[in-house]
Amino acid sequence: MELWYTEEHTPDVRFSIRVERQLCSVQSPFQRIDIFESKEFGRFLTLDGLMMLTEKDEFIYHEMIVHVPMAANPDIRRVLVVGGGDGGTVRELTRYPGIERIDMAEIDGEVVRACREFLPQTASRLDDPRVNLLIEDGLKYVRSRENEYDLILVDSTDPFGPGEGLFTREFYGSCYNALREEGILVNQHESPYYPDYTRSMKRAHRRINECFPVCRVYQAHIPTYPSGHWLFGFASKGIDPLEAQLYRWERLGIETRYYNPELHRGAFALPNYVISELKDDA
Amino acid sequence: MTMGKSANRQENMPLAEALERYRADRVVSFDVPGHKQGRGNPRLTEFLGKRCLSVDVNSMKPLDNLTHPISVIREAEELAADAFGSKYAFFMVNGTTSAVQAMILYACRRGDKIILPRNVHTSAINALILCGAVPVYVDPGVDRSLGIALGMTPEAVERAIRENPDARAVLVNNPTYYGICPDTVSIAKLARANGLLVLADEAHGTHFSFGEGLPVPAMRAGADMAAVSMHKTGGSLTQSSILLAGERVDPGYLRQIINLTGTTSASYLLMSSLDIARRNLAVEGKETFSKVLALAEYARGEINRLGGYRAFGPDIAGSPGVFGFDRTRLPVFTREIGLAGIEVYDMLRDDYGIQVEFGDLGNILAILSVGDSELMAERLVSALQEIRRLKRRDPSGMFDHEYIPPQVVLPPQEAFYAKRRSLPLADSAGRVCGESVMSYPPGIPVVAPGERITGEIVEYIRYARDRGCRITGTVDPAAESIQVLEE
């Protein structure tokens, strides 16, 4: 018997992984949650059939969403994670002793439950005493906060489905309002390659630009995401990630498998076609 | 789609089912429409879909004829009448405008008087132009803080009847665009006791007959006819509507009146959408509208907690002229943050990708339906919060009312057909107007034919246009000049 998981990256492009067995399948009020086990990628989580993470390559995404802003400002104390129910982002954050509090607003409690049970690799640090887990719509939570966070990480699904509200101008504006003077917002910024994702990327970029004075984009190579080429948005009220004193981060002695200070600088160097897509206002 | 006869008659959709049979029969057509189930227009077929085009057909024996229904359309209309609790129901394919006009054309001949509030939709004023009826306007009263017109009080209607014993009919908005209902039960009782027909513009109240905790639907309140805009909150296709009529109405004569201006090629897409929407309302309406109501109340509470905005609701009931309020509606008063409703309306669409139903000078109106979720409502709330944070201004000097009481000089028909000439708007104060001028939506004329143009009206139109309202109704496409009567 052969069992394959397939995601359609476009109507004409498919990505498949041979599945050993299915560990979990839940229909929550928001989405369908599945966790599989595979030889090649270990366990992996999909939401509404779309790949969220695999045990084999999740370190890339989670290191890149966390360590870039943390290196840009190692004095970050209060962090909000929007989404991120698998716990991988929180796991990376808890490695910083300077962080005092991590609030996490995840809309779907079922995702957290499933990951706690079947994906301890990412969910293991959700019990850290600094973590305050809120099962709530991120958009609703953020608009109730003002001048409270040094860093907001938007670790969301794509902008089709429950994550849609996290790609809107009202969300980015509310984030601005919830951040302190030195505040940074990092979000998963979709992909520049396939047109559907490019459109989401451009829209997100334009809207963040309308809300924040500093807006940059950096990239990572994530093998299991559509095209493998994934972007992150870095927005702040003033801090420029390219002027970061990266030696301060190195002194923290945090061991990483993907991120390093050289890569920090390099990640912001984008291919010409991506630069031109981001400039294009349409 | 459920086919065949069901135990619950309201599960049936005779017209939609007849169309399904027609499609399955694969009839070769040598009649109109010329696109022949879409084959003759592949581009259109690709755009709208094959299934859609295959039932865009001409009336024929098995599919009945709207101008003289005797089989499946008649059955569908009877089911609709049952669902709404009225004696008769007429499918309308030229919008609720045609339903409002049919009511008035039925009730009034040239010179007959009709009692109505002045904050009626332009379709009612246009019906007066068509048939030559003479309006007797009852002041609907204005909410002082919101600046919006309310509903007629029974006392004011009684006075109008006493002063005009020859009046033929009274027309009520049940509800207004903002969701405000007058005491339609008392007004209907009064009018009927005095031999007047009771007509209801229920364009925004289709759901009243099906939900719980909503205002009394007009037919149940004692109206003789009600125009219900199925496409607004009932789920049918845009432009489809239903005219309800009670036992005091002669259905044969009303059909003739409808046919005076009605098409002889009624769209089966529109009619079948009425049939299916009626089924959904009758079978699932209660559940649907309880969800919509909960969502509207949630959004109202959240918006009111933001501060600066006033998402008004049942709290405005109690003023004279406000007997009931449709709690599924979500009007938001914006003037306190220094922004006209139309400005907030434009910002929501242009900056936040959120489309609401309308914005006028002091309010926006959001309409919620079964298609909305809490996450979507959250976007509206957050966007309003952002607009307040970023765009708030000093509200002093803003135009503070939507309604200007009319000075009627001539009946609408006489004025519309009189010798007219064009004057720049700025020079028109003091003249008698020869056309209707309105912001659309909501489509309530600021000035109607036969009314005196005042300085206040000129200022209102100028102000509304400056803020971004679309001014319509005038001969001049730019609405910079206005038709006035020769002196």
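**Entry 1**

I began with B:Asp64, which is buried, having 24 other C-beta atoms within 10 Å. For burial I used C-beta atoms placed from the backbone: 20 or more others within 10 Å is buried, 12 or fewer is exposed, and anything in between is partly exposed. Phi of B:Asp64 is near 70°, a positive value in a residue other than glycine. I found B:Asp64 in the loop between helix H3 (50-54) and helix H4 (72-84) of chain B. My helices (H or I, at least four residues) and strands (E, at least two) are DSSP runs, numbered from the N terminus.

A note on ground rules: this is a predicted model, in which local features need pLDDT of at least 70 and side-chain atom pairs count only at pLDDT 80 or more, while totals for chains, interfaces and linings use all residues. Residues are numbered from 1 along each chain as its sequence is written, and chains are lettered from A and ligands numbered from 1 in the order in which they are written.

B:Gln239 also has a positive phi, about 90°, although it is not a glycine. I placed B:Gln239 in the loop between helix H10 (230-233) and strand E8 (241-245) of chain B. B:Gln239 is partly exposed, with 19 other C-beta atoms within 10 Å.

Then I looked up cis peptide bonds. The bond from B:Val32 to B:Pro33 is cis, with omega near 0°, and B:Pro33 lies in the loop between helix H1 (14-25) and helix H2 (42-48) of chain B. The bond from B:Asn174 to B:Pro175 is cis too, with omega near 10°; B:Pro175 sits in the loop between strand E4 (169-173) and strand E5 (180-181) of chain B.

**Entry 2: cores**

Which residues have the most contacts inside the largest nonpolar core? I noted B:Met103, B:Ile104, B:Val170, B:Leu199, B:Ile242, B:Leu243 and B:Leu244, in a core of 158 residues. Helix H12 (residues 268-306) of chain B gives this core its largest share, 13 residues. Apart from it lies another core, of 78 residues, including A:Phe36 and A:Val111. By core I mean a set of buried Ala, Val, Leu, Ile, Met, Phe, Trp, Tyr and Cys residues joined through C-beta atoms within 7 Å.

**Entry 3: chain A and a covered strand**

I counted ten helices and twelve strands in chain A, and 50% of its 282 residues count as buried. Strand E12 (residues 229-236) of chain A is mostly covered, with seven of its eight residues buried. Eight bridges join strand E11 (residues 214-221) of chain A to E12(A), running antiparallel; here A:His221 has A:His229 as its bridge partner. Strand E10 (residues 179-188) of chain A is also antiparallel to E12(A), through five bridges, and A:Val186 stands opposite A:Phe234. I call two strands paired if DSSP finds at least two bridges between them.

**Entry 4: where the chains touch**

How many residues does each chain bring to the contact? I got ten from chain B and 13 from chain A, with contact meaning C-beta atoms, placed from the backbone, within 7 Å. H14(B) gives the most to the side of chain B that touches chain A, with eight residues.

Notes:
Contact = placed C-beta atoms within 7 Å.
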